[in-house]
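Visitor: I'd like to go through this one slowly and hear what stands behind each label. Could you show it to me?

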Amino acid sequence: MLLFKKVKDLQKYITAAKSKGSSVGFVPTMGALHAGHLSLVEKAAKECNIVVCSIFVNPAQFNDPKDLEKYPRTEAADIEMLGFSPCDILFMPDVKEVYPRDLNLELDIDFGSLIEVMEGRFRKGHFDGMAMVVKRLLDIVNPDHLYMGQKDFQQFSIVQHLLSQTGIKIQLIMGETIREPDGLAMSSRNTRLTPTLRKMAHFIYEALLQAKDKMQDSSPPEIEKWGMNELSLPNFKPEYFEIVDGRTLQQITDFKRHDFVVACVATWLGEVRLIDNIIMKAPAGI
Ligand code: AMP
């Protein structure tokens, strides 16, 4: 595995590889890597000649400076983990490389309500920062395929919108959510849970599974209400439990009128904010 820290060194390598006909798969991450990230690297390796993984903790997408400060950073372990994976290139730029002073990176894209609902309601500005860094990283890496996780379903939808609005010819591919044995979605933030709270975290995915089971005899609003109630446990502070159309991310009232339905949840567990989702109904091909 090669490690690049400078944009120009990475671009020189990728341009040469692409000129020889290699396809490039890209997995952007913020580090503190786990098996969820690695599953995306492995998926990319099956479908592309060269896999690029980036590690960049993007200050622009943290609305809360304390959250940025506390974000786990495990550089040495990440490099080792990727070294044993099919990752070919690790790109670890510093902030000045990603955001040089003379570059205007503001995006002129109307994301409409996609960025206002769910996470957008509780993390103001988060998706503007996320979209900006994804666009910048895509400009730098110039991949053929981009791999992102279902775990961050709203993020995935926004990036899909970004690609369609800008006309960038990159195929966006979704990787399934990788979970701990008790069902908790793997996340870099899980390491910040205390052992006691970690033992309670399985309730989140269990609520999503039960919500899916309730589809036959309850309406979406009834299930949402049930979900918020179900997660109102000691040490939990659920922010939303929403059943949305998988394309518009708007809450729905009737399962029959939608062919793509996702239940999304965000809750605090102690000091840690966790998100998860489950696809309740999927159109063919998803
Ligand atoms: P992050 O480092 O949290 O920004 O995540 C980098 C990428 O990994 C994003 O596309 C996430 O959706 C994806 N990801 C995070 N957690 C998981 C997981 N448990 N399973 C699969 N993909 C994940």
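Visitor: Why does Gln-154 count as buried?

Guide: Buried means under 20% relative accessible area, exposed means over 50%, and partly exposed is in between (1.4 Å probe, protein chains only). Gln-154 has 5% relative accessibility, so it counts as buried. One caution before we go on: this is a predicted model, where local features need pLDDT of at least 70, side-chain atom pairs count only at pLDDT 80 or more, and totals for chains, interfaces and linings use all residues. Residues are numbered from 1 along each chain as its sequence is written, and side-chain values use heavy atoms, with hydrogens and water left out.

Visitor: Where is Gln-154 found, and what lies 2.8 Å from a polar atom of its side chain?

Guide: Gln-154 sits in helix 8, residues 153–166. Helices (H or I, at least four residues) and strands (E, at least two) are DSSP runs, numbered from the N terminus. The backbone oxygen of Leu-114 is the atom 2.8 Å from that polar side-chain atom of Gln-154.

Visitor: What makes the pair Arg-189 and Asp-67 a polar contact?

Guide: A polar contact is a pair of N or O atoms within 3.5 Å; within protein, one must be able to donate a hydrogen and the other to accept it, and residues adjacent in sequence count only if both atoms are side-chain atoms. The side chains of Arg-189 and Asp-67 make such a contact at 2.9 Å. Arg-189 belongs to the loop between strand 6 (171–175) and helix 9, and its 14% relative accessibility is why it counts as buried.

Visitor: Why is Asn-235 called partly exposed?

Guide: Its relative accessibility is 46%, so Asn-235 counts as partly exposed. You'll find Asn-235 in the loop between helix 11 (220–230) and strand 7 (236–245). Phi of Asn-235 is near 75°, a positive value in a residue other than glycine.

Visitor: And Leu-249, buried or exposed?

Guide: Buried, because Leu-249 has 1% relative accessibility. Leu-249 is in the loop between strand 7 and strand 8 (261–269), and its phi is near 65°, again a positive value in a residue other than glycine.

Visitor: Which residues come nearest to the ligand?

Guide: Met-30, His-37, Asp-152, Ile-178 and Met-186 come nearest, out of 17 residues around the ligand. A residue is near a molecule if one of its heavy atoms lies within 4 Å of it. A polar side-chain atom of His-37 is 2.9 Å from a ligand oxygen atom.

Visitor: What gives the largest share of the shell around the ligand?

Guide: Helix 2, with three residues.
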